[in-house]
Amino acid sequence: MKKIVLLALIIICAIAIIHAFFLPWAKASASVTKVAKTLADSATGGILENTPFAGKFVRAFNKTTEKIMNLGDVEIKTAVSGYDIPTLVNKKSSHIAISIASVVLKDAKDLDKKSMLVYLLPLLALVCIGLAVIGLKSNIAVIAMAILSGTIGIGGLHNLMTVDLSNLAVKISIEQGLWQTMYGYLLICVLSIIWVVLDILEGRKKT
């Protein structure tokens with residue numbers, strides 16, 4: 001009976017992971033005035049510094065930002081889900097998708113190819129369900145599930161909690177979908193460990 005309850009909880013976690021794949025993983029927001037200031041700073045630096053063009057450019061931007069501030073600053077927002085990331089990374093059309101993919105995969109090298117690995121997250125949730133079903137008869141499958149889910153959950157959460165997104169020109173925040181994915185795998189790992197421990201304790205009682 002205990003195994004059936006644990007199996008049900010693991011299935012719920014796996015469904016939550018699959019659902020999270022289509023939820024926002026990350027959201028980017030940028031202040032119009034901040035973007036304008038960044039562009040103005042870029043224009044006045046380097047080879048354009050102290051040129052007539054730089055002065056005209058800055059004056060034009062100052063007028064624009066003053067008008068925006070009089071109306072109340074405008075914030076531009078966009079979000080991407082796990083499902084969107086590989087496509088956007090391969091098209092190189094989304095700074096936020098590239099940033100989050102590099103966070104999840106921990107390496108920007110060959111990111112266009114590696115981004116396809118994101119699709120494995122919902123598929124491996126289904127694998128966990130299969131291992132849990134097999135686990136009703138074999139503890140080896142449960143141990144394999146614990147290792148698989150623990151590697152993803154612990155590794156993913158470590159990456160998310162240690163990454164520094166504050167230096168990016170566009171403000172990026174990690175959203176529910178990605179947190180739900182990693183905590184879902186972590187919970188599957190915890191449930192797997194509980195499963196194995198309970199099975200060992202039951203085996204000792206029988207002997």
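Author: Buried means under 20% relative accessible area, exposed over 50%, partly exposed in between (1.4 Å probe, protein chains only). The model is predicted: local features need pLDDT of at least 70, side-chain atom pairs count only at pLDDT 80 or more, and totals for chains, interfaces and linings use all residues. Residues are numbered from 1 along each chain as its sequence is written, and side-chain values use heavy atoms, without hydrogens and water.

Reader: Is tyrosine 83 buried, exposed or partly exposed?

Author: The relative accessibility of tyrosine 83 is 46%. Under 20% would be buried and over 50% exposed. Tyrosine 83 therefore counts as partly exposed.

Reader: What about tryptophan 25: buried or exposed?

Author: Its relative accessibility is 0%. So tryptophan 25 counts as buried.

Reader: How are the planes of phenylalanine 21 and tryptophan 25 arranged in their aromatic pair?

Author: Rings of Phe, Tyr and Trp (its six-membered ring) pair if their centres lie within 6.5 Å; planes under 30 degrees apart count as stacked, over 60 as edge-to-face and the rest as tilted. For phenylalanine 21 and tryptophan 25, the centres are 6.0 Å apart and the planes make 80°. The pair is edge-to-face.

Reader: Which type of pair do tyrosine 83 and tyrosine 119 form?

Author: Their ring centres are 6.4 Å apart. The planes stand at 65°, so the pair is edge-to-face.

Reader: Which residues form one aromatic cluster?

Author: Both of those pairs have edge-to-face rings. The cluster is made of Phe21, Phe22, Trp25, Tyr83 and Tyr119.
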